[in-house]
Amino acid sequence: MRFKAELILFLTVLLSMSFTTLKGADIGDSGNYTLLKDISYVSDGETDNYRISRCRMDIYYPEDVKNFSTVVWFHGGGLKEGEKYIPEEFKNQGFAVVAVNYRLYPEVKSPEYIYDAAQALSWVFSNIGKYGGDTSKIFVSGHSAGGYLVLMLTLAKEYCASFGLDADRIAKSYPISGQTMTHFTIKEERNMNRDIPYIDEMAPSNNSRKEGAPIWLITGDRDMEMLGRYEENLHLYSILKYLGHPAEIFELDGFDHGDVVAPACLLIRKDIKKIDSGRKSKKE
């Protein structure tokens with residue numbers, strides 16, 4: 001599905017007016033939302049200093065909403081850099097956001113950062129209920145390298161299984177501009193040409209399967225994105241549809257790799273609210 005830039009700008013204004021339904025204060029302020037910073041998701045007995053310092057998350061959740069949904073958000077940065085943050089478009093929307101840090105190359109190599117992401121997600125499933133969250137409504141999303149991690153968690157079940165979690169419990173996945181072939185940093189680790197497409201067990205597309213959470217593949221404009229990023233996602237979309245895995249693809253015209261995040265998050269939050277509304281209607 002291709003969205004024109006003019007439509008996205010219109011949606012930005014419309015969604016900002018229509019979906020800010022709570023009056024909670026901004027992140028970090030007192031009010032209807034609580035922000036817990038730098039929560040460790042590794043075991044208390046961990047001795048590796050890099051894991052202790054890096055494997056942490058921020059939890060932002062509504063105080064006055066029962067059984068709220070949760071978005072687990074993975075930052076971008078090419079698996080080499082980046083820091084956890086709460087997207088502005090996800091604040092004060094009636095659902096929780098868990099922003100995750102994970103270890104980075106060159107301090108670690110593949111697949112360690114994927115295991116970190118899986119451990120963080122498993123922690124959320126095990127603990128979000130303590131804050132009022134509904135474990136049947138846990139969504140995963142992330143941008144760029146974060147999108148890659150989202151796809152690997154959703155499609156390659158062994159990572160979550162390592163921490164006792166069935167990946168198919170994810171309610172829905174929203175990777176934004178993620179690589180679907182073997183990530184270029186992994187190719188760099190192996191002294192391969194990062195610009196030549198390669199697919200092995202570290203590629204989301206090579207882990208395609210019929211089962212699993214529905215996936216929205218979201219990218220920027222094919223002429224403005226990073227090399228082949230839209231085409232990679234289109235390739236994965238074709239495979240998933242052939243296998244019968246529920247998937248949709250969205251190309252946001254007029255947005256490049258960096259500035260696609262905001263409009264993508266607006267689409268995601270609208271979809272989560274739609275899903276929540278649908279579940280409430282069924283209960284009634």
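Trainee: Where does Glu189 sit, and which side chain of opposite charge is nearest to Glu189?
Mentor: Glu189 is in helix 6. Glu189 is buried but has no salt bridge, and the nearest side chain of opposite charge is Arg190, 5.8 Å away. Buried here means under 20% relative accessible area, exposed means over 50%, and partly exposed is in between, with a 1.4 Å probe and protein chains only. A salt bridge needs a side-chain nitrogen of Lys or Arg within 4 Å of a carboxyl oxygen of Asp or Glu. For charge, Lys and Arg count as positive and Asp and Glu as negative, while His and the chain ends are not counted.

Trainee: And how should I treat the model itself?
Mentor: This is a predicted model, where local features need pLDDT of at least 70 and side-chain atom pairs count only at pLDDT 80 or more, while totals for chains, interfaces and linings use all residues. Residues are numbered from 1 along each chain as its sequence is written, and side-chain values use heavy atoms, with hydrogens and water left out.

Trainee: Back to Glu189: what does Glu189 touch?
Mentor: Leaving out residues up to four places away in sequence, Glu189 touches Tyr105, Val108, Lys109, Ser110 and Tyr113. Contact means heavy atoms within 4.5 Å.

Trainee: Which peptide bonds there are cis?
Mentor: Tyr105 and Pro106 are joined by a cis peptide bond, with omega about 10 degrees. The bond from Ser110 to Pro111 is cis too, with omega near 5 degrees. Pro106 lies in the loop between strand 5 (96-100) and helix 3 (112-127), and Pro111 is found in the loop between strand 5 and helix 3 as well. Helices (H or I, at least four residues) and strands (E, at least two) are DSSP runs numbered from the N terminus.

Trainee: Changing topic: is helix 4 enclosed or exposed?
Mentor: Eleven of the eleven residues of helix 4 (residues 145-155) are buried, so helix 4 is largely enclosed by the rest of the structure. Ala145, for one, lies in helix 4 and has 0% relative accessibility, so Ala145 counts as buried.

Trainee: What's around Ala145?
Mentor: Not counting residues up to four places away in sequence, Ala145 touches His75, Gly76, Gly77, Gly78, Leu79, Tyr102 and His183.

Trainee: How do helix 3 and helix 4 pack?
Mentor: They pack at an angle of about 70 degrees, with axes 10 Å apart. That makes helix 3 roughly perpendicular to helix 4. Axes are lines fitted to C-alpha atoms, for helices over the stretch in contact, and angles run from 0 to 180 degrees between N-to-C directions. Angles under 35 degrees count as roughly parallel, over 145 as roughly antiparallel, 65 to 115 as roughly perpendicular and the rest as oblique. Tyr113, Ile114, Ala117, Ala118 and Leu121 on helix 3 meet Tyr148, Leu149, Met152 and Leu153 on helix 4.

Trainee: Which serines have a positive phi?
Mentor: Ser144 has a positive phi of about 60 degrees although it is not a glycine, and Ser177 has phi near 55 degrees. Ser144 is in the loop between strand 6 (133-143) and helix 4, while Ser177 lies in the loop between strand 7 (172-176) and helix 6 (184-189). Ser144 counts as buried at 11% relative accessibility, and Ser177 is buried at 0%.

Trainee: What else touches Ser177?
Mentor: Val260 does; its contacts beyond four places in sequence are His143, Ile176, Ser177, Thr219, Gly220, Leu252 and Phe255. Val260 and Ser177 are 83 residues apart in sequence and 8.2 Å apart in space, C-alpha to C-alpha.

Trainee: How many salt bridges does the whole structure have?
Mentor: The search finds 17. One of them joins Asp58 and Lys37, with the closest N and O atoms 3.2 Å apart. Asp58 lies in strand 3 (residues 56-62) and Lys37 in strand 2 (residues 33-40), so the pair ties together parts that are 21 residues apart in sequence. Another is between Arg222 and Glu251, at 2.7 Å between the closest N and O atoms.
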